[in-house]
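Hi everyone, thanks for coming. I'd like to walk you through one model today, so please have a look at it on the screen.

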Amino acid sequence: MKILVTVKQVAFLDDEFEMRDDDRGVDEDFLEKDLNEFDHYSVEEALLIKEAAGDDAEVVVVTVGDEDADDALRTALAKGADRGIRVWDDALAEADGVAIAKVLAKVVEREKPDMVFTGAQSADFGSAVTGMALAGLLGWPHAAVVCNLEYSAGANTATLRRELEGGLEEVMSVRCPAVLSIQLGINEPRYASLRGIKQAKQKPVDELSLDDLDLDSVGSASRVRRMYAPEKGQAELIAGSAAEQAKRLAEIIKELRGM
Amino acid sequence: MANLIVIAEQRDGEFRETSLEAVTAIRGIKQGDDKLSVAIIAADPQKHVPALSVEGVDEVIAVKATDDFQPDLLEALIGALVKDRAPSVVAVAHGVDAWSFAPTAAARLDCGLATDIMGLKLDDGDLVATRAGYAEKVLVDIDFPGKETVLLTVRTNAFEPASGSGSPEVTEMAPPEADVATTHEGWKPPADAGGIDIGGSEFILSIGRGVGDESNVEQYLELAESMGATLGCSRPIADNGWLPKARQVGQSGQLAANCKLYIAMGVSGSVQHQWGMKHVENIVAVNTDPEASIFSIARYGIVGDMAEIAEELENLF
Amino acid sequence: MNAPAAKIGTASVTPASALIARLVEAGDPYAALGACVHITDATLDQIALATRRQRLIVAAASYAPPRLLDILSQDADAPLILRLAKNPATPADALARLMQGRPPARVRRYIAAHANAGALLPQLSQDTSIEVRRAVAGNAGAPADVIARLATEADGPIARAAAAAPQADAATLEHLWRTCDEWVRADVVAHPNCPPGILAEAEAQEDPLIRRKCAANPAIPDDMLMRLLADPDEQVRGAAVRNLAISGDRLDKAGDPSAKVRRLFARRTRLARPMIARLAADADDWVRRWIARNPDVPADVLGELAQDPEAAVRRSVSRNPACPPDLLSALAVDPQPWVRAGVALRDDAPDAVIALLLDDADHDVLGALGRNPATPANHLEMIARHPDKDVRRSVAFNPAAPPDALGLLAQDVYPLNRAILAGRGDLARALALRLLDDPEPQVRFAAAASLARAAATTTSEQQ
């Protein structure tokens with residue numbers, strides 16, 4: 001029994017930042033990187049299933065990214081994932097979610113997992129594309145924004161709840177193997193123990209190129225033409241004396257609350 | 001002539017107005033003899049024709065099937081429309097529903113794809129969509145070189161809902177065959193309220209370190225009650241034992257899942273706190289430090305002393 | 001005093017030089033930065049500022065040692081200058097240096113608002129940019145003459161800032177009163193330097209906002225405040241009740257028809273006995289919640305309040321510093337966990353009460369015991385092993401936590417728990433050394449800072 005979990009090293013922007021010279025991205029010096037928040041939940045969900053299944057189950061984490069992305073894999077390995085796969089090629093530097101999904105589809109073909117978990121979206125661009133695009137390319141059953149899951153290793157179906165618009169939660173069953181995109185809050189992700197962090201350094205990580213996956217090139221569904229800062233900051237500042245500010249705030253509250 | 005298609009949605013037979021915002025987005029790039037069609041799947045699609053008879057819509061494609069949300073069917077519909085009509089654009093409202101089928105369809109059909117777009121234009125014949133990134137700190141213009149068809153999901157509230165009257169022709173279409181791999185089993189019963197319910201509250205007043213000391217906390221409980229808000233707090237307040245853990249918003253605390261208005265007073269906005277509330281549509285930040293990171297996610301900001309603002313607010317509720 | 005760096009390998013190996021050698025070998029920028037807070041050493045500076053990313057992080061960090069910010073200001077490009085201008089820890093000399101580089105208006109505005117900009121404010125108050133001048137007017141350190149000059153500009157934001165400026169003088173306030181709108185006038189009459197003549201004028205104004213602000217003035221004459229206490233407007237009366245210029249024992253309006261005003265009475269100290277009794281029996285829950293917190297309430301009245309049907313009132317009693325031990329014992333078995341948690345937070349609770357609460361399963365109760373110095377050491381160790389990470393963390397805040405309990409927290413899986421442990425002022429050397437290898441940068445920073453502080457103290461004592 002094997003669960004494949006796709007993870008991503010995402011970047012957060014400093015409050016003040018500068019663009020790259022080509023105006024198609026942010027200068028790397030202004031980025032802080034970390035494992036995508038949603039991926040903590042998808043990794044946890046896989047680990048819970050593995051632990052319930054006993055030692056036969058394997059959790060494999062895969063990422064598409066350059067050397068920086070190793071940290072994301074090591075974070076997941078420290079929590080208890082068994083091994084990692086990192087795919088990279090300079091040709092992927094401008095890959096979008098669909099292109100990443102094409103690469104991941106090849107990894108799925110190679111690994112033949114019983115289940116694939118992805119984060120519902122990534123914290124940097126929030127496109128919510130990669131996971132469900134992967135399902136489309138594989139032709140696998142899928143469900144997005146899963147907030148509860150009942151699945152025992154190797155079962156033919158899983159019962160789950162998915163979030164729909166308006167805060168509704170639908171209970172449904174899905175044929176397996178399936179691709180599920182995992183929502184925040186589905187579980188309480190663990191923190192790696194200090195021992196786990198040490199052990200993660202010894203766990204195997206396969207580094208694969210596009211050649212290894214029999215891919216010549218990978219086409220994206222979109223291209224970044226230009227990236228730029230919005231003209232004004234997001235927050236509308238309420239100015240004036242404290243009494244004036246409070247009066248305006250009370251108006252906003254009453255309007256939004258229909259009071 | 002280009003075919004432009006919007007997939008409209010309904011939920012349990014009720015038309016979703018966000019579909020009309022997608023119509024506006026697409027209407028903005030409609031040229032000359034382009035044809036704008038809106039497709040809808042429903043148990044009784046004819047019922048929704050009046051809502052879709054807005055200016056600029058040339059055709060309503062009525063697909064009689066089910067009122068249930070069935071992503072596999074929506075995906076199959078997009079597939080059939082792309083095959084039959086070779087549209088240049090297919091658009092749908094962005095949201096967790098669209099997450100289920102739009103990327104799946106785009107990947108299978110090898111279409112262009114941009115999600116959560118807030119702007120759309122033609123630049124010298126090239127379609128250019130705009131979306132935000134890095135927690136809204138940047139905007140990105142996206143194009144789709146070499147793509148015959150582009151699939152777009154359109155952000156809520158970025159475009160006005162389409163209005164003005166129109167008289168589209170109505171085309172009936174049989175539901176496409178879909179490999180439905182999922183079975184609807186029911187709905188989750190609504191969470192029971194009662195007690196402190198950060199997750200269920202629509203209006204939260206939250207306090208952070210800026211509150212100073214324990215004796216001041218009571219004042220904010222009182223203010224929250226008079227405003228009709230639930231009082232929340234950041235981690236240090238709960239760690240001090242000044243408010244119960246059940247009021248703590250953020251990682252290791254509660255998620256303000258249903259909140260529509262969140263007023264953060266004296267909360268600096270650590271990553272842990274933001275985890276529980278950054279998704280809220282209307283965030284108001286009150287802080288003496290204009291550089292507090294809470295301002296970067298707020299819709300409204302007040303640079304000022306939370307105690308003064310609170311005292312003034314007490315007079316207004 | 002910062003200890004000078006000793007040369008490594010010489011006969012005089014001080015604790016500081018030993019630490020420096022270790023940090024240099026590790027090459028970790030966060031640990032080096034932490035040590036820089038207490039030790040001056042050029043090699044550590046270099047490690048802390050090694051990459052451009054690292055320099056950008058340090059320039060924006062409010063925890064950065066001012067000395068490093070000063071170094072960064074000496075050769076700063078535009079992004080660094082902006083960060084330094086915004087960083088509250090940037091010292092005055094560095095700000096002056098930034099100004100010498102003729103920075104853009106946005107940067108000047110941040111400097112004008114900076115708490116360490118004092119000496120630069122006269123110059124900035126004549127800046128060509130109105131935004132910069134507004135920022136000067138809003139700087140609490142702006143002297144009276146600067147405020148006076150700015151107040152002559154007919155600018156709404158400047159007028160608002162000037163009326164609220166701590167050092168605005170009577171003449172400036174008078175000018176603002178004569179020339180500005182009601183919002184500015186309201187702040188003028190609330191200002192401690194407001195001339196008595198204007199207060200008299202304000203008291204007679206029809207606008208309740210003006211009278212309310214007048215009633216809030218800490219320098220208001222006694223008789224005027226007494227009159228405003230009887231104002232027909234509840235907000236004006238409320239502001240007068242809040243005003244500490246009048247002693248609580250002279251307040252006798254506990255029968256105020258407005259519950260909002262009575263709540264404010266219940267928050268005042270030095271209230272007369274009969275008044276306390278009446279407020280404690282008030283029909284409004286919030287009046288009783290407030291009076292139950294009031295340290296002047298005598299034990300017998302607290303006893304009554306401890307049996308209040310409203311749990312929040314009982315919680316208030318549990319947090320009242322004047323709450324006697326027997327009442328704490330009674331509240332320790334309250335059906336509401338939040339009331340018991342209030343008792344568990346008290347370091348004056350009797351031993352038997354603490355012992356009783358240690359069997360409680362509620363996380364708020366256990367968290368309160370975890371930070372309570374009166375909790376026995378062996379129990380703190382148990383709390384530090386609790387399955388709930390938030391309960392465990394409470395021990396990190398406990399000044400009386402025993403070394404064994406803290407040792408457990410040093411291995412806690414939750415990074416925040418280790419970070420709070422590492423930030424303790426009394427962190428033991430052995431623990432600090434262990435935390436120096438922590439995976440979290442924040443923990444290593446705090447551990448290195450702790451070791452450096454100890455080393456700097458020892459070194460300077462030896463010399």
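How many salt bridges are there between chain A and chain C? The count is 9 salt bridges, where a salt bridge is a side-chain nitrogen of Lys or Arg within 4 Å of a carboxyl oxygen of Asp or Glu. One salt bridge joins the side chains of A:Asp29 and C:Arg52, at 2.9 Å from N to O.

Some housekeeping before I go on. This is a predicted model, in which local features need pLDDT of at least 70 and side-chain atom pairs count only at pLDDT 80 or more, while totals for chains, interfaces and linings use all residues. Residues are numbered from 1 along each chain as its sequence is written, chains are lettered from A and ligands numbered from 1 in the order in which they are written, and side-chain values use heavy atoms, with hydrogens and water left out.

Let's stay with chain A and chain C. The contact (heavy atoms within 4.5 Å) takes 19 residues from chain A and 24 residues from chain C. The size of an interface is often given as the accessible area lost when the parts come together. Here the two chains bury about 1,800 Å² between them, 55% of it on carbon and sulfur atoms; buried area is the accessible area (1.4 Å probe) that two parts lose on being put together, summed over both.

The rule also finds 12 residue pairs in polar contact across this interface, both residues at pLDDT 80 or more. A polar contact is a pair of N or O atoms within 3.5 Å; within protein, one must be able to donate a hydrogen and the other to accept it, and residues adjacent in sequence count only if both atoms are side-chain atoms. On the chain A side, the elements giving two or more residues are strand S3 (31–35), helix H5 (194–200) and helix H6 (242–256). Helices (H or I, at least four residues) and strands (E, at least two) are DSSP runs, numbered from the N terminus. H6(A) gives the most, with 3 residues.

Now for chain A and chain B. Here 74 residues of chain A are in contact with 75 residues of chain B, and the two chains bury about 6,700 Å² between them, 59% of it on carbon and sulfur atoms. A:Glu165, A:Arg225 and A:Arg257 supply 10% of the area that chain A buries against chain B, more than any other three residues. A:Arg257 also forms a salt bridge with B:Glu202, with the closest N and O atoms 3.6 Å apart. Which element gives the most to the side of chain A that touches chain B? That is H6(A), with 12 residues.

Inside chain A, A:Lys2 forms a salt bridge with A:Glu111, at 2.6 Å between the closest N and O atoms. A:Lys2 lies in strand S1 (residues 2–6) and A:Glu111 in helix H3 (residues 97–111), so the pair ties together parts that are 109 residues apart in sequence.

Two backbone details to finish. The peptide bond from A:Cys176 to A:Pro177 is cis, with omega near 5°, and A:Pro177 is in the loop between strand S9 (169–175) and strand S10 (179–182) of chain A. B:Ala86 is not a glycine, yet has a positive phi of about 40°; B:Ala86 is in the loop between helix H3 (71–85) and strand S6 (89–93) of chain B.
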